[in-house]
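I opened my notebook to look up how the parts of this chain are held together. My entries follow the order in which I checked things.

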Amino acid sequence: SVAVIVFSVVSPSVSLIVSPSRTQHFTSVSLSLSCEDQSNSAGWRIRRYSDGGHLEGCSSVWGSQTGSTCTIRSTIADDTGVYWCESESGENSPPVNITVQPGVILESPVHPVTEGENLTLRCLYPFPTTTNLRADFYKDGTLIQDKTTEMIISNVSKSHEGFYSCKHRERGESPKSWISVTGGRSQSASRVSQQQKSSQTSEQNQSEAVYTALTSGTAHIYDSLDATINKDINTDSVSGPTVRKSDQDIEDLDEDVYYNTAKYM
């Protein structure tokens, strides 16, 4: 199924900080989620769209809120979902997809990797040993490196985007995690300039950030789309429930076409 979360207002200055800093986590461990605002973190709260299809805030049912931090004291598989920060005025941070499971997990970055940086992936195990276990690493289901304790990708480019996982021949396989790659600062500045010009020439069009959470077995991804819309967004080509942050409605859609294009540069 596919959930499309539409945020009417996105604040790029706010980030959801996850501790431990990775997208996959073991069950029965503590997990901390906090909102980091460059100007002021007050007034922000944690929200999530769970794997079970529930849109909810941090509560005593699954976590405890202190200021702008939500703590899950003992994770369970049902904590898998899309998480983000929301302000009292309706602003939202870019979301983070979190997967929780009892077995092998992949250590991968929480936020998109910038082009030119290095990326390190590791296979983590629920019962650590004194020996460094060697695992195989996969991208989009294809083996890319075998029998290694960690995989390092130097000088990351857009071609490195995809689903990554790791597998130990005796301990099992991790879920898949989507890794996004964004452009450098010069590209970001150029893109902002183009958006400003576009907004000046078309008063009718408005921009919404659309976040897609794709659930397919053990694969969970989020990705962002810039949808230029005229009063409303066309969701006819998306299947699954749609969550609109403006009214929190959930719609069932028909066709089986997934939005999966990273546009946050």
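I began with the term itself: a disulfide is a covalent bond between the sulfur atoms of two cysteines. For this entry I counted a pair of cysteine sulfur atoms as a disulfide when they lie within 2.5 Å. I noted that the model is a predicted one.

Cys123 and Cys166 form such a bond, with their sulfur atoms 2.0 Å apart. The pair links distant parts of the chain, since Cys123 sits in strand β13 and Cys166 in strand β17, 43 residues apart. I found that both Cys123 and Cys166 are buried, and that the torsion about their S-S bond is about 85°, so this disulfide is right-handed.

I then looked up how many disulfides the structure holds, and the number is three. Another of them joins Cys35 to Cys85, with an S to S distance of 2.2 Å; its torsion is about -110°, so it is left-handed. Cys35 lies in strand β4 and Cys85 in strand β9, 50 residues apart.

Cys58 and Cys70 also form a disulfide. Cys58 lies in the loop between β6 and β7 and Cys70 in strand β8, so this pair ties together parts that are 12 residues apart in sequence. Counting the bonded cysteines along the chain, I wrote down the pattern 1-4, 2-3, 5-6.

My last entry concerns the sheet, in which four strands are arranged in the order β2-β4-β8-β7, with antiparallel pairing. The edge strands are β2 and β7, each pairing on one side only. Between β2 and β4 I noted six bridges, and Ile17 has Ser34 in β4 as its bridge partner.

Technical notes: Residues numbered from 1 in each chain as written. Predicted model: local features only at pLDDT ≥ 70, side-chain atom pairs only at ≥ 80, totals over all residues. Heavy atoms only, no water. Pairing = 2+ DSSP bridges. Helix = DSSP H or I, 4+ residues; strand = E, 2+ residues; numbered from the N terminus. Buried < 20%, exposed > 50% of the residue type's maximum accessible area, 1.4 Å probe, protein only.
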